[in-house]
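Please walk me through this structure.

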Amino acid sequence: MTTPPTALMITPDQAIDGAPAVRRVFALDPDHGPVVAAEVLATAHGVCEVRVNGAPVSTDLLTPGWTSYEWRLRYAQWDATPVLAGLAGGRAVIEAVIGSGWYAGHLGWDGSKEVYGSERAALVELRIRFADGHVQTVGTDETWTSAPTETTADDLYDGQRIDRRISAADRFAAAPMPGEGGVRIVPFDAARLAAYTSPPVRRQEEISPIRVWRSPAGALLADFGQNLVGWTRLSVRGTAGQEITLRHAEVLDEEELGTRPLRRARATDVFVLSGADDVFEPTLTFHGFRYVEVSGWSGADEDLAEALRAVVIGSDLTRTGTFRSSHPLLNRLHENIVWGMRGNFVDVPTDCPQRDERLGWTGDLAAFAETAVYLYDTEAFLADWLRDLAVEQEHADGRIPIVVPDNLKYEEIGAMAAAMGSSLVIALWNDAACWVPWAMYEAYGDPGVLGEQYASMTGHVRRVAAALSPRDLLEGGFQLGDWLDPTAPPDAPHLAKADPAVVATACVHRSVVIARDTALVLGRDDDAAEFAALATRIGGAFVEHWVRDGRIHSDAPTVYALAIAFGLVEGTDRAAAGGRLAELVAEAGHVITTGFAGTPFILTALSETGHLETAYRLLLQERCPSWLYPVTMGATTMWERWDSMLPDGTINPGEMTSFNHYAFGAVGTWLHRVVAGLAPAAPGHSRVRIAPRPPETGVTSAETGLDSRHGRIATGWSVEGGRLRVVATIPEGVTADVSLPSGFAVEVGAGAHEWEESFPVRSARQRADR
């Protein structure tokens with residue numbers, strides 16, 4: 001493994017508007033033969049892009065990303081051989097352009113800036129190896145110089161201003177350039193440096209506009225047909241000094257660009273033309289958008305469609321899980337889940353990618369983790385994020401923050417924050433400490449993540465034990481509860497109908513059970529016994545105080561869903577709870593009545609208690625609020641609110657309205673496991689369960705596939721002429737437990753398999769559920 005860099009952190013010694021460059025002119029050491037290898041190690045207080053002689057060293061973006069900077073600052077390692085191999089003797093120039101990024105730019109929703117520091121700085125080290133083994137090192141120090149760049153303003157929320165009249169070519173000449181100044185050393189603890197283990201952020205694809213037109217007010221608009229995350233690249237020729245402004249938004253509002261949901265984020269890029277052929281690409285920012293408003297364009301409107309491209313960016317994750325069915329809206333729903341994840345997995349798993357927030361909310365990920373680990377190989381990505389969770393927890397006296405990295409600890413965010421501060425545990429959000437590593441272990445089979453996070457997991461559940469009331473329940477204090485229950489007041493999304501103490505107790509009970517199982521996996525038998533006893537105490541208290549004849553306190557769908565899914569009710573209580581849940585869903589007209597806590601589990605609770613058809617009616621509902629309602633409204637990502645856009649096409653009047661939030665996409669797990677029928681039966685999918693459960697009507701086929709650590713696992717089914725046909729492909733090293741609706745069960749190994757039986761097969765319970 002490459003040793004960490006030993007260069008110094010430097011910053012310009014003079015004020016420079018926008019993104020400065022730090023640079024060094026150097027000569028290759030003579031008499032050592034040709035260059036055979038070269039690498040660049042780089043990090044920044046901010047984000048940096050490194051070039052040698054004007055050539056980018058890497059296609060990585062927004063390096064070093066966002067970590068808990070106080071304790072972890074990643075450095076990138078890039079192969080620079082291609083940009084140096086042809087250079088024999090002579091002089092070369094290395095530079096790093098420094099953007100504000102998360103370190104010094106706007107962060108959070110209260111207008112805060114420079115949360116981590118006011119000085120942009122970079123640390124860069126170029127190591128060159130010659131044919132005779134000699135190594136030359138060029139690292140940032142006081143001999144470097146600084147200079148302005150063509151980026152005269154940049155911010156992740158507000159956008160980037162690029163002035164192409166300022167020539168980048170000047171910075172790669174050996175002679176001094178106009179505006180060049182010195183640098184100074186920034187005090188820096190090198191012990192904070194950590195090598196990248198998470199995938200870098202990179203360009204993923206480009207999308208052309210599907211429509212360019214004039215709005216009723218005369219604005220020139222472009223529609224890319226997909227809500228995405230990245231920026232727009234513009235190719236243009238015009239008059240020197242001419243400015244073209246691009247504003248980005250996810251939706252239209254009364255046929256104009258709908259910017260209100262962005263709140264303080266300007267999401268605006270400004271391009272100043274050089275007078276020659278220009279290509280603008282604002283790589284020091286990113287936006288969440290589908291629509292772009294372009295002003296200052298002097299060409300024909302129809303020419304804009306050829307000049308403009310949307311560049312999709314995201315952490316470079318490998319797609320692993322797929323789903324398809326006979327139901328077009330379900331297929332679009334699944335694609336919306338995928339696009340929601342892509343847009344919010346940009347170095348950290350964020351809540352939303354467009355407005356003045358974009359934070360790593362722990363509750364969102366706790367709800368979505370099981371879906372995320374199926375759709376993409378997120379093992380390295382999530383492991384890196386969990387390291388930040390653990391280090392934040394360690395430096396907060398065991399308290400797990402509600403966002404990771406935790407910028408909120410530096411901000412004044414109002415009365416709700418003060419209330420949360422009075423609670424030892426914020427359930428669901430803090431439970432990410434247990435739920436996320438366990439989802440990773442089940443998906444990938446490596447207990448290493450459990451070992452690495454063990455102190456964090458056990459610290460959380462022991463904090464739970466300390467927070468319990470004398471009745472062994474998590475009651476008292478403030479809880480976010482079943483956040484964004486659609487029946488809650490729009491301006492108070494935590495005021496759900498499910499009692500927050502019931503929700504909180506159920507969630508932490510699941511964490512304690514996970515901690516118990518983790519201890520068993522790791523051979524920590526004493527801890528396992530401790531956590532088993534704690535789980536028994538909490539579970540017993542839950543039933544004693546809140547369950548009466550199958551009715552659960554507050555009688556809301558979420559409390560039944562959680563109690564069933566987390567094993568808090570058994571036997572007749574479980575059956576009665578399932579029946580009551582089905583009644584509540586039917587009484588509501590088969591529309592969604594759950595928020596962040598209940599939504600990931602409600603379909604599972606229904607199907608596991610014999611109410612499969614009720615679950616399907618809820619899944620396939622198209623009226624608001626439902627999973628398919630946004631699809632009928634043209635959504636191409638998951639929404640934050642069930643009614644982010646109202647049925648009349650207007651934007652929800654609430655201040656908190658995003659059109660790209662992945663949390664409610666947790667339904668993807670039920671699509672994979674129940675609709676298509678593939679679920680893990682052992683960690684890492686060494687054993688799987690093939691158990692499709694088709695509905696009697698509405699869906700006639702479904703299929704799913706997973707690129708597991710053992711190879712591709714796939715299953716699918718179709719119904720035709722009263723017959724159900726199920727197929728599966730199992731790779732070597734995997735055993736499948738097959739269960740069909742009729743009750744037929746078999747165990748199979750590697751190979752291609754097929755089964756057929758009559759359908760529908762109705763039990764008395766299923767008939768009653770119709």
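This is a predicted model: local features need pLDDT of at least 70, side-chain atom pairs count only at pLDDT 80 or more; totals for chains, interfaces and linings use all residues.

Residues are numbered from 1 along each chain as its sequence is written, and side-chain values use heavy atoms, with hydrogens and water left out.

Arg74 and Asp347 form a salt bridge, with their closest N and O atoms 2.7 Å apart. The pair links distant parts of the chain: Arg74 sits in strand β6 (residues 73-79), and Asp347 in the loop between β27 (345-346) and β28 (348-349), 273 residues apart. Helices (H or I, at least four residues) and strands (E, at least two) are DSSP runs, numbered from the N terminus. A salt bridge is a side-chain nitrogen of Lys or Arg within 4 Å of a carboxyl oxygen of Asp or Glu. By this rule the count comes to 50 salt bridges. Arg74 and Asp347 also belong to a network of salt bridges that includes Arg72, Asp384 and Glu452.

Glu357 and Arg263 also meet in a salt bridge, at 3.0 Å from N to O. Glu357 lies in the loop between β28 and α5 (362-375) and Arg263 in the loop between β20 (256-258) and β21 (268-272), so the pair ties together parts that are 94 residues apart in sequence. Glu357 is buried at 7% relative accessible area. Arg263 is partly exposed at 23%.

Now the cysteines. A disulfide is a pair of cysteine sulfur atoms within 2.5 Å. By this rule the count is 0 disulfides. Cys434 is in none; the nearest cysteine sulfur, that of Cys507, is 12 Å away. Cys434 is buried, at 0% relative accessible area. The sulfur of Cys624 is too far for a bond, because the closest cysteine sulfur, in Cys352, is 20 Å away. Cys624 is partly exposed, at 27%.

Finally, two loop residues. Gly598 lies between α14 (571-587) and α15 (599-608). Gly598 is buried, at 0%. Beyond residues up to four places away in sequence, Gly598 touches Asp482, Thr558 and Ala561, where contact means heavy atoms within 4.5 Å. His685 lies in the loop between β32 (678-680) and β33 (687-690). His685 is buried, at 5%. Leaving aside neighbours within four places in sequence, the contacts of His685 include Glu442, Leu706 and Val734.

Notes. Buried means under 20% relative accessible area, exposed over 50%, partly exposed in between (1.4 Å probe, protein chains only).
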